[in-house]
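Please read the following report with the sequence and the model side by side.

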Amino acid sequence: MSPERAVRPGRPPHTPLRPTWCCRTDGQPWPCGEARLVLRAEYEHNPTGLSVYLAGLMYEAMRDLYHLNPYDAPAPQALFARFLAWTRPRHHPTPTRRSCSHSS
Ligand SMILES: [Zn+2]
């Protein structure tokens, strides 16, 4: 359970620089676009695992960022959007309709 998992051989590692949680390669708020691509690919078959993993990092980032700047840290909603909102599957399968009351 470490951001170092986002490293891919032959590519600059898009890992978070603590305690500012900016990408050490492009300086964007982590997870940057590239980190999200890598993570999404890595957890392609385990989206729940990705959410759990990032939820843990979100708490660490929250702690670091509030410690760093208690008066101007990102709002919890902003951190949620940054770390977790994008991990939700883009396509929600249509729920299978199951009815007890009638069948066709
Ligand atoms: Zn990056």
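Among contacts in the protein chain between residues at least 6 apart in sequence, 44% join residues at least 24 apart; two residues are in contact if their C-beta atoms, placed from the backbone, lie within 7 Å. This is a predicted model, in which local features need pLDDT of at least 70 and side-chain atom pairs count only at pLDDT 80 or more, while totals for chains, interfaces and linings use all residues. Residues are numbered from 1 along each chain as its sequence is written. The mean pLDDT of the protein chain (pLDDT is the predictor's confidence in each residue, from 0 to 100) is 87, and 81% of the residues reach 70 or more.

## Elements and burial

The protein chain has three helices and two strands, and from the N terminus on these elements follow the order β-β-α-α-α. Helices (H or I, at least four residues) and strands (E, at least two) are DSSP runs, numbered from the N terminus. Confidence is lowest in helix 3 (residues 76–83), with a mean of 95, and highest in strand 2 (residues 22–23), with 97.

Of the 104 residues of the protein chain, 19% count as buried. A residue is buried if 20 or more other C-beta atoms lie within 10 Å of its own, exposed if 12 or fewer, and partly exposed in between, with the C-beta atoms placed from the backbone.

## The nonpolar core and the helices around it

Which residues have the most contacts inside the largest nonpolar core? They are Trp 30 and Ala 35, in a core of 13 residues; a nonpolar core is a set of buried Ala, Val, Leu, Ile, Met, Phe, Trp, Tyr and Cys residues joined through C-beta atoms within 7 Å. Helix 1 (33–42), helix 2 (47–68) and helix 3 are the elements that give two or more residues to this core, and helix 2 gives the most, with four residues.

In helix 1, the buried residues are Ala 35, Val 38 and Leu 39. Seen down the axis of helix 1, these buried residues fall within an arc of 95°, so they line one face of the helix; the arc is that of the directions from the helix axis to the C-beta atoms.

Helix 2 has 22 residues and reaches 31 Å from its first C-alpha to its last, close to the 32 Å expected at 1.5 Å a residue; the expected span is 1.5 Å times one less than the number of residues in the helix. The buried residues of helix 2 are Leu 50, Tyr 53, Leu 54 and Ala 61, and they fall within an arc of 90° when seen down the helix axis, so they line one face of helix 2. What covers them includes helix 1 and helix 3. On the other side of helix 2, Thr 48, Gly 56, Tyr 59, Arg 63 and His 67 are exposed.

## Residues apart in sequence

| Pair | Apart in sequence | C-alpha to C-alpha |
|---|---|---|
| His 67 and Pro 19 | 48 residues | 8.9 Å |
| Ala 85 and Ser 51 | 34 residues | 8.9 Å |
| His 14 and Gly 27 | 13 residues | 9.2 Å |

His 67 belongs to helix 2 and counts as exposed because it has 10 C-beta neighbours inside 10 Å. Ala 85 lies in the segment after helix 3, and Ala 85 is exposed as well, with 11 other C-beta atoms within 10 Å. His 14, in the segment before strand 1, counts as buried because it has 24 C-beta neighbours inside 10 Å.

## Backbone features in the loops

Trp 21 is found in the loop between strand 1 and strand 2, and its phi is near 60°, a positive value in a residue other than glycine. Is Trp 21 buried or exposed? Trp 21 counts as buried because it has 23 C-beta neighbours inside 10 Å. The peptide bond from Trp 30 to Pro 31 is cis, with omega near 0°, and Pro 31 lies in the loop between strand 2 and helix 1.
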